Amino acid sequence: MFNRFILNPIFAISISVLVALGPAAVNLRTAGNFAILAQSSVSTVPPSAVVGAVGLSPAASTFLTGWSLTPSPLGTFSISTQCVGSLYAANYASPTPAKLITAVSDMKTAALDAAGRTGPNFLNLGAGNISGLTLAPGLYKWTSALIIPTNVVISGSAIDTWIFQVAGTLTMSNSKRIMLAGGALAHNIVWVVSGAVTVGTSSHFEGILLGSTGITFQTGSSINGRLLAQTAVSLQKTAVVSP
Ligand SMILES: *[C@@H]1O[C@H](CO)[C@@H](O)[C@H](O)[C@H]1NC(C)=O
């Protein structure tokens, strides 16, 4: 009887434990309520298509250009045919200004957190040129500019994480794609960039962009992610889908 018990097949089942690979998540706090958040301007060359909220502070709504805004009755936000969501600027009615101040502060806190992570798994990978690479979960650090001149793949599970620290500009060529594999999700991918971010014409980007300066998406480009910039965001017929 005892032998039969210990030979029961239930003891042969192997348990596989799902372990997340990559750095601890970056907490966006209320900045995570925005698809686009900027401090000096958010411009669009129509038609762009944004799914998510747009926020601008401390600049006023005059620096939300190209949107053909329609103000809400109470003046707390505007709408645009180019945005499935609301647009907010620092000169709108209360409580919008205070909420934007908090969101911008949260954006800066998140950027400091992401940029401050130490002990990179990959240092200056590809000497700042990640042409053709497949990027496993981890902390990546480049001490100067980064270029994406071809398609690249970000590969990992739905719980894995990536932080890409770029101490310079980030430039993606025209008609290239960041592709996700293995279940990887845009909201687990953070790019923290000290210089200007430029995504070329008809290219596709994935992840949360935390820019110390401006972020420009050229004609016909797209992103699954967020554009959180400490100066300006410029869209040119760009599709933005927040995760
Ligand atoms: C980037 O790397 C690829 C592959 O090694 C190479 O063909 C290309 O010339 C490099 N681009 C630049 C601008 O260095």
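Visitor: On what basis are the features reported?

Guide: The model is predicted: local features need pLDDT of at least 70, side-chain atom pairs count only at pLDDT 80 or more, and totals for chains, interfaces and linings use all residues. Residues are numbered from 1 along each chain as its sequence is written, and side-chain values use heavy atoms, with hydrogens and water left out.

Visitor: Which residues surround the ligand?

Guide: A residue is near a molecule if one of its heavy atoms lies within 4 Å of it. Here N129, S131 and I147 surround the ligand.

Visitor: How much of the ligand does the protein bury?

Guide: Accessible areas come from the Shrake-Rupley method with a 1.4 Å probe; for residues, only the protein chains shown count as cover. The ligand taken alone exposes 360 Å², of which the protein buries 28%.

Visitor: What is the strand order in the open sheet of 3 strands?

Guide: Strands are DSSP runs (E, at least two residues), numbered from the N terminus, and two of them pair if DSSP finds at least two bridges between them. The order is β10-β13-β16, with parallel pairing. The edge strands, β10 (134–135) and β16 (178–181), each pair on one side only. Between β13 (residues 152–155) and β16 there are 4 bridges in the parallel sense, and V153 stands opposite M179 in β16.

Visitor: Is I36 buried or exposed?

Guide: Buried means under 20% relative accessible area, exposed over 50%, and partly exposed in between (1.4 Å probe, protein chains only). I36 counts as buried because its relative accessibility is 0%. I36 belongs to strand β1 (residues 34–38).
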